[in-house]
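User: I would like to learn how to read a few local features in a protein model. Please take them one at a time.

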Amino acid sequence: MPYTVAHDGTKIVFRMVGQGPPLLCLAGGPGADVQSLGNLGGLDRHRTLVLVDARAAGASDVPADPAGCAYTEQVHDLEAVRRHLGAGPVDVLAHSAGALTAQHYAASYAHGVRRLVLVTPAGRIGREVDAAEVAALRARRSDEPWYGPAAEAAELLATGVSGGEAEEAQRRLAPFLYGRWTDETRAHHEADRVRPPAWLYEAFYRGNPAEHEAAQRLRFLRSVSVPVLALAGAEDCVAGTRPAVLTASLYRHGRLETVPGAGHHPWLDGPEYFRDLIESFLRD
């Protein structure tokens, strides 16, 4: 697979599928397998998806210094990929936690981004999930057969369990990730077998500003002048809709869209709606 070398010597691997103008794509997690994005509901028919393995994830290297995995630092990896491609300003799509990296990239390298698509983003300056909203969304699905074990798993994870117990709880929690728990979505979850190192979550979120620096960070992000599309899943039982609402409202050219019936992976729950919405946004 093609790769480039970041400023600190870390190898960043990416994969290219589809045809048309490049669309730089980031997975969430942090440390999720970028292949879980698939063809993004068929966007590869119109765009060349540049699927980037974040550092310490997938085929990319683990950096010598874990501090380089903070999302505020990973922006330099995206710029290295863009330069490697010899591209001008590119469109960027990021999912979940990857949206933090993408937003910081757009503010740090204004010349490198044409349009920004943030799919069920984690937030603007860290995870900004409304726990009450997520609880209400989950409760609406209490009549589904998998709900009991999933709800118990959520309670268990909230106690801070780790190791094998946590992995089993995450497995049982999986239906909450999707708008519909079907053979297709179950296969999607089971195929995502890449397990990031245990330290990566904390290292990634070291990019969050301290409380007294939050206003300054928001001003920095607000400098992004390109069009920004924030997508929420109407049935997202992981992030809810609040992070996408906050994100869209931050930017002068921000736009919020909600995908009906979709969970945290709307390209699976509503692929045609998802694809057409994004393609229209990128084409305008």
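User: Which are the buried residues of helix α3?

Analyst: Some ground rules come before the case. This is a predicted model, in which local features need pLDDT of at least 70 and side-chain atom pairs count only at pLDDT 80 or more, while totals for chains, interfaces and linings use all residues. Residues are numbered from 1 along each chain as its sequence is written, and side-chain values use heavy atoms, with hydrogens and water left out. Helices (H or I, at least four residues) and strands (E, at least two) are DSSP runs, numbered from the N terminus. Buried means under 20% relative accessible area, exposed over 50%, and partly exposed in between, with a 1.4 Å probe and protein chains only. In α3, residues 131-139, the buried ones are Val134, Leu137 and Arg138. Viewed down the axis of α3, the buried residues fall within an arc of 100°, so they line one face of the helix. That arc is taken from the directions from the helix axis to the C-beta atoms.

User: What do the buried residues of α3 pack against?

Analyst: Contact here means heavy atoms within 4.5 Å. The buried residues of α3 pack against α4 (147-158) and α5 (163-173).

User: Which side chain reaches a backbone nitrogen at the start of α3?

Analyst: A polar contact is a pair of N or O atoms within 3.5 Å; within protein, one must be able to donate a hydrogen and the other to accept it, and residues adjacent in sequence count only if both atoms are side-chain atoms. At the start of α3, a side-chain oxygen of Asp130 comes to within 3.0 Å of the backbone nitrogen of Ala132.

User: How many bridges join β5 to β6?

Analyst: Two strands pair if DSSP finds at least two bridges between them. β5 and β6 run parallel and are joined by six bridges. His95 stands opposite Val119 in β6. From β5 the chain crosses through α2 to β6, and this β-α-β crossover is right-handed. Right-handed means that, with the strands pointing away from the viewer, the path from the first strand over the helix to the second runs clockwise.

User: Is strand β6 mostly covered or mostly uncovered, and which strand does β6 pair with through four bridges?

Analyst: Strand β6 (113-119) is mostly covered, with six of its seven residues buried. The four bridges join β6 to β7 (228-233), and these strands run parallel. Leu118 has Ala230 in β7 as its bridge partner.

User: Where is Ser96, and is Ser96 buried or exposed?

Analyst: Ser96 is in the loop between β5 (90-95) and α2 (98-108), and at 12% relative accessibility Ser96 counts as buried. Leaving aside neighbours within four places in sequence, Ser96 is in contact with residues including Gly28, Pro121 and His264. Ser96 and Gly29 are 67 residues apart in sequence and 7.1 Å apart in space, C-alpha to C-alpha.
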